[in-house]
Amino acid sequence: MYALRRSLPRHRFEELLAELVEVAPRYRLDEVIVVVEAEELFPGHPTPETMPAQVEQLHRVRDALEPLGIAYSLNPWVTRGHEDRLRPNTIPGAQTAVNLHGQAATSVTCLLSAAWRANLAATWGLYASTRPRVIWVEDDIRDFGPAECYCPLHLARFSALVGHDVAREELIAALIRPGEPHPWRSLWLGVRSEAALESMEVIRDAVRAASPDTRIGLMSSGPRNHVREARDWHRVADALGGDILSRPTLGNYWEWGPPRGLYFSQDSIKLTRSVLPEGVEDFTEVESVPFSRYAKSVAFMDATLAVSFAGGASGCTLNVFDHLGSPMENEPHYGRLLGERKDFYAGLADRLGRGGKHRGINLIHRDDSAEKVRLEPGSGLADLAEGGFSAVEAFEAAGIPTIYEASPVTFVCGRQAWSLTDAEIGDLLTQGLFLDGLAAAILCERGYSADLGLLGGTMPERLDELGMFAAESIEDERFGGAPGRLVTAQLPMVDYSARFMPLHPMKEATVVGHLVDPGLRSQHPAMIAFENARGGRIMVHGWDYDTAVGPLGVSFHHPYRVQQLQAAVRWLFHGRAPLLVRGDGAWPLASRIDADDETLLSFLDLSLDPWPRVEFEFAAARRPVALEHLRTDGSWHPVDTELVTVADGVATLGWPDPVGLNEPLFLAVVWGQKA
Ligand SMILES: [Zn+2]
């Protein structure tokens, strides 16, 4: 469960090893992942000549942990390198990365460099010779962002595919051409994807040769980003030996904002799991950078642990102490927290370890979205990343769980509508489908307006170019509306201007509400509900979510919004939503996991104000035979099933006690034959 990532830099090695042996049992660590030559003390790529003393130390760490029953794993800090920081190129003959502007890196290498790959094989063989349980591949093996490589090796491989020499500037212009993607984009993404796979095979072969029992772990940066290198996750798992572990990123390296940043974390766990082969174990990324409680409070770290285990992770990689050699006991609070909370999280992991299926509204992800997305004029390479995170926040904050598994209801967010094939769209239109304004406009452009209940559609426009507005009025009582219910269309900043698609509904469509001006006069329908000829139920909300929710979120969310979205989702599920949560609070994070004979409900509060009580509404075929609550000692304690009422296939469960940031609620609803 607990895998501590720990640096033992050589200038204090003896002292830090002694401390580790002393405190690891108290922190109740299961594993120590030794990080070598990380961050500030990274001198440049290691080579076989620089490594002997370090390898000797790694053997000593492993031998010291073994009698404690604590596993030894290893985390070499670089593959190609995270960033230069002016470190030199220490590998003779290695090609360093060349960025989109033509600037060569001093230290970060190209994934195609033969000298670098030879050095990688040699050094990883030495690392693996210390027989770690797991050797973790850093997320720097990615090829997007500042070190995205346009070096002569990459251009030569690409030019060979195209059949003539292609210059970097010419290639980049083709990649970001607005509108229909240039055919080069897909070819180029293929070159980069292959380069990464070849490099991973080098690592796999080196590790297998030196230590056949060592497993390989993959640290990654989120599937929405890895589309920029067309990562095929199943092939990546194969290239790394098949039986891999995964460390999804959780972001939130420091407390840049309130705990609702953890929406990203929970999404990263679910989304990364959905792209990998079934059965891959997750160890989440719990980090505090640049370390100490100035970066991250103990309370925030505990909430991150809760999100990890509630998300079904097997464990956490804990990167919470600095890499400069400060003793962990300088700030003993993190270690105390780990020890104190272990029973609770073990109780949760034990129950979730029995397996199950997450239930909620399905969100879209496609590994090949960067090949298909149509860019707007003025876009850059970063715009090839997959959008859609706004949907996570829109629904989760309204108490509606989001998933990446099959579901009768799907939400398509914005540009994601370009990633779908016509066959996929046809299928979605027969089910429950929720679209934001941009996704609806794209589907109209693709010829589906009549299936959406629209007479046609144009691309969303900035509100300040569209007209003078005050608010979204939510009117239809079947969708959470009532006279006078307004949600702002303007705040929180003077220059805030989300984009909105003016809806032109067919007369058969139900108009849920309107965008209104300061005189409360209706200007444009803002949301519609429609049952189409294919038997599908469609909701269209005129906002372009990536502009309305994405930048700040706070103006999109509101107690009226919760009622509106819950009613919309309930209608899409024909009255039986998998889970909706309500209460006198904000920023909920709820989930429902169905196992064979039980349903696990969880509720986390991502605000600083406790919820006085929580109400769960969830589809249920019958009354439960038992209800159990996870207590802080890790035991599941029976509670009165009278808390649950079931009517018309819908259960309601009111939890009477307060739930706060560090008191997450986990309930098991047992349907089976328990006495
Ligand atoms: Zn290159």
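User: Where does S268 sit?

Analyst: S268 is in helix 9. Keep in mind that this is a predicted model.

User: Is S268 buried or exposed?

Analyst: Buried, because its relative accessibility is 3%, and the cut-off for buried is under 20%.

User: Which residues does S268 touch?

Analyst: Leaving out neighbours within four places in sequence, S268 is in contact with P248 and T249.

User: Let's follow T249 then. Where is T249?

Analyst: T249 lies in the loop that runs between strand 8 (245–247) and helix 9 (262–275). T249 counts as buried too, at 6% relative accessibility.

User: What else does T249 touch?

Analyst: Setting aside residues up to four places away in sequence, T249 touches S220, S221, G222, F264, S268 and E285. There's also a polar contact of 3.1 Å between the side chains of T249 and Y253.

User: Zooming out, which domains does the protein have?

Analyst: The domain assignment gives domain 1 (1–72 + 280–355), domain 2 (79–133 + 143–215), domain 3 (359–407 + 409–572) and domain 4 (582–670).

User: How many residues of domain 1 and domain 4 are in contact?

Analyst: On the domain 1 side, 15 residues are in contact with 19 residues of domain 4. The centres of domain 1 and domain 4 are 32 Å apart, going by C-alpha atoms.

User: What area is buried between domain 1 and domain 4?

Analyst: About 1500 Å² is buried between domain 1 and domain 4, with 64% of that coming from carbon and sulfur atoms. In domain 1, F344, L348 and R351 lose the most area to domain 4, and together they make up 41% of what that side buries.

User: How many salt bridges does the rule find across the interface of domain 1 and domain 4?

Analyst: Two salt bridges turn up across the interface of domain 1 and domain 4. R351 forms a salt bridge with E598, where the closest N and O atoms are 2.7 Å apart. As for polar contacts, the count between domain 1 and domain 4 is six residue pairs.

User: Which elements give two or more residues to the side of domain 1 that touches domain 4?

Analyst: Those are helix 10 (298–310) and helix 11 (333–352). Helix 11 gives the largest share of that side, seven residues. Sorted by class, the side of domain 1 that touches domain 4 has eight nonpolar, two polar and five charged residues.

User: How many salt bridges are there in the whole structure?

Analyst: A search of the whole structure finds 56 salt bridges. One of them pairs E37 with R10, with the closest N and O atoms 3.0 Å apart. E37 is in the loop between strand 2 (31–36) and helix 2 (52–65), while R10 is in the loop between strand 1 (2–7) and helix 1 (13–27), so this pair ties together parts 27 residues apart in sequence.

User: What about E194 and R235?

Analyst: E194 and R235 form a salt bridge as well, with the closest N and O atoms 3.1 Å apart. E194 lies in helix 6 and R235 in helix 8, so the pair ties together parts that are 41 residues apart in sequence. E194 is partly exposed, at 29%, and R235 is partly exposed, at 39% relative accessibility.

User: And how far apart are the closest N and O atoms of R359 and D594?

Analyst: They are 2.6 Å apart, and R359 and D594 form a salt bridge. This pair links distant parts of the chain, with R359 in strand 11 and D594 in strand 24, 235 residues apart. R359 counts as partly exposed at 25% relative accessibility, but D594 counts as buried at 17%.

User: Which residues do salt bridges that share partners join into one network?

Analyst: R80, D143, E148, R192 and R228 are joined into one network that way.

User: Switching to the backbone, which peptide bond is cis?

Analyst: The bond from V289 to P290 is cis, with omega near 0°. P290 is in the loop between strand 9 (281–287) and helix 10. S292 is found in the loop between strand 9 and helix 10, and phi of S292 is near 85°, a positive value in a residue other than glycine.

User: What is phi of R131?

Analyst: Phi of R131 is near 55°, a positive value in a residue other than glycine. R131 is in the loop between helix 3 and strand 6 (134–137).

Technical notes
Residues numbered from 1 in each chain as written. Predicted model: local features only at pLDDT ≥ 70, side-chain atom pairs only at ≥ 80, totals over all residues. Heavy atoms only, no water. Domains from an automatic or database assignment. Contact = heavy atoms within 4.5 Å. Buried area = accessible area lost by both parts, 1.4 Å probe. Salt bridge = Lys/Arg side-chain N within 4 Å of Asp/Glu carboxyl O. Polar contact = N/O pair within 3.5 Å; in protein donor to acceptor, adjacent residues only side chain to side chain. Helix = DSSP H or I, 4+ residues; strand = E, 2+ residues; numbered from the N terminus. Nonpolar A, V, L, I, M, F, W, Y, C, P; charged D, E, K, R; others polar. Buried < 20%, exposed > 50% of the residue type's maximum accessible area, 1.4 Å probe, protein only.
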